[in-house]
Amino acid sequence: MYLHLTDVSYAYEDSPTYALETVTATFSEGWTGIVGNNGSGKSTLLKLLCGIEQPSAGAIRPAPAGVYCAQSTEHVPENLFDFAVDYTPYAVRLRSMLELEDEWLWRYDTLSHGERKRVQIACALSLEPTVLAVDEPTNHLDARTRDVLLKALASYKGIGLLVSHDRILLDALVGQCLFLDAGHAVLVPGTYTEAKASVDIRLRTAQAERKHAREQLSKAQAESARRKAVASRSAARRSGKNLDKHDNDGRAKLRLAVVSGQDGKTGLLSAQMDKKLEAARNRLDKAQVKKVYDKPLSINAEPSRRRTVAHLDKGSISLGDGRCLRHPEVYVGPTDRIGLRGRNGTGKSTFLKVLLDASAEGVSHLAYIPQEVSSEEGRAVLDALKDMGPAATGEVLSLVARLNSPPERILSGDELSPGELRKVMLAMGLLERTHLVVMDEPTNHLDLPSIEALQDVLAQCPCALILVSHDERFLAALTDTAWTFVEADSHTKQRGDSHLVIS
């Protein structure tokens, strides 16, 4: 069971550049990690391998026909009803592996994004496809649910393609990794950690080669200049126009130099040096090293002069299906750094929306990045960016570049990747003097370098900060107050009410 790509290229409509260019690779049974920065073409490649999109050039053999499990949980899986009424042994086993409750399959719209992701994965696995492409499957998932998902994906028999920023998941599943950069690809055997180490060695080698090529070019340029000067002096000596017409000895020496070829050697050596110089330039051009956007970002934010930027009275919030979240009175000060923790479905995102709605009048400058953004909202953000003046657009793209995404990619198409969209939304939100930054699952959809860049950015943020995340390392680095959402009956299988604990 194999899937072959031969010189596959893909360009978005009206885009002057290829999103993928002459990609050649072979995928066999087992999991392959697809790794690259946001906007490098990972999701596009998955759609090509599943037959959803067609390449602009090149060939995929055999003709691809797979199942693509998207990053977003916005849309109901096409085969959800079929799976809901399926009680074959395999369907029952999938329910058990992914710890799905039957009633979830009948109320997809009211599920948390983490619960939706499990249903989405179950529906994809139930089709038993030859090719299964899974795009950022651990987005929205708590640690325990990630383990559940890992076991389910490990049970898949076929050609598995995994895009993920979760290093633990990649190392546990994949046997090779395809690294994408600027539309080009290289396939490296091994787990993610092993393959990344190999790629890092190649990068260091390329950097050393480029440094050596630059040094050789500099030496060649200096030697070329010296030899041209010598050749110029020799040419002047061969010229008899400045000799007195009666200087027979001088004219005899010139004729001897021409006949012996001694003076002509300097010109020949200069011509040979030109060839060496051209070769040195070619070596430097071939020794390319990818550009990395790793400069620190200066956030245009400041603490509010108000004593409280957000407030919610004690009460309860409906979570649907008869469940509710009980919470105490809460305040957010002008420099508070708060992390919201808790299992999927305990009401974190719902609570956050209620808190912001209740505090709308008090939050004058807010940068809010929700957990999920619909396709329509994403296009509206991109349209708003394109409608900005040159100065504002330049400022946004500068911030996006410092968050590890190439600016030229942002405006080249009609749609942004989820990771690029979050970066653009944050950058646009920071054009004003922000008093409160709120991000719901900020590491979702981001590649590893972008997560590190975002962490550096938010660490310098002087205003109030609220983060909802299952990434404990990320929260520990950025927050000092925990709002923990706990299930009231966490020891039973049936999920019920939740309550908020502040520590």
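These are my notes from looking through a predicted model.

**Overall make-up.** I started with the whole protein chain. I get 16 helices and 19 strands for it. The chain has 503 residues, and 48% of them count as buried. Then I checked sequence separation: among contacts with a separation of 6 or more, 69% come from residues 24 or more positions apart.

**Cores.** The largest one has 41 residues, and W31 and V119 have the most contacts inside it. Which helix gives the most to this core? I found α4, residues 113–126, with six residues. As a reminder to myself, nonpolar side chains in soluble globular proteins tend to be buried together.

**Helix pair α12/α14.** Last, I looked at α12 (residues 390–402) against α14 (residues 418–429). Their axes come within 9 Å and cross at roughly 130°. I call α12 oblique to α14 because of that angle. The crossing of α12 past α14 is right-handed. Which residues make the contact? From α12 I list V396, L399 and V400, and from α14 K423, V424, A427 and M428. Sorting the residues of this contact, I get six nonpolar, no polar and one charged.

Technical notes
Residues numbered from 1 in each chain as written. Predicted model: local features only at pLDDT ≥ 70, side-chain atom pairs only at ≥ 80, totals over all residues. Heavy atoms only, no water. Axes fitted to C-alpha atoms, helices over the stretch in contact; angles between N-to-C directions. Helix = DSSP H or I, 4+ residues; strand = E, 2+ residues; numbered from the N terminus. Parallel < 35°, antiparallel > 145°, perpendicular 65-115°, else oblique. Left-handed = near helix turned anticlockwise from the far one by under 90°. Contact = heavy atoms within 4.5 Å. Nonpolar A, V, L, I, M, F, W, Y, C, P; charged D, E, K, R; others polar. Core = buried A, V, L, I, M, F, W, Y, C linked by side-chain atoms within 4.5 Å. Buried < 20%, exposed > 50% of the residue type's maximum accessible area, 1.4 Å probe, protein only.
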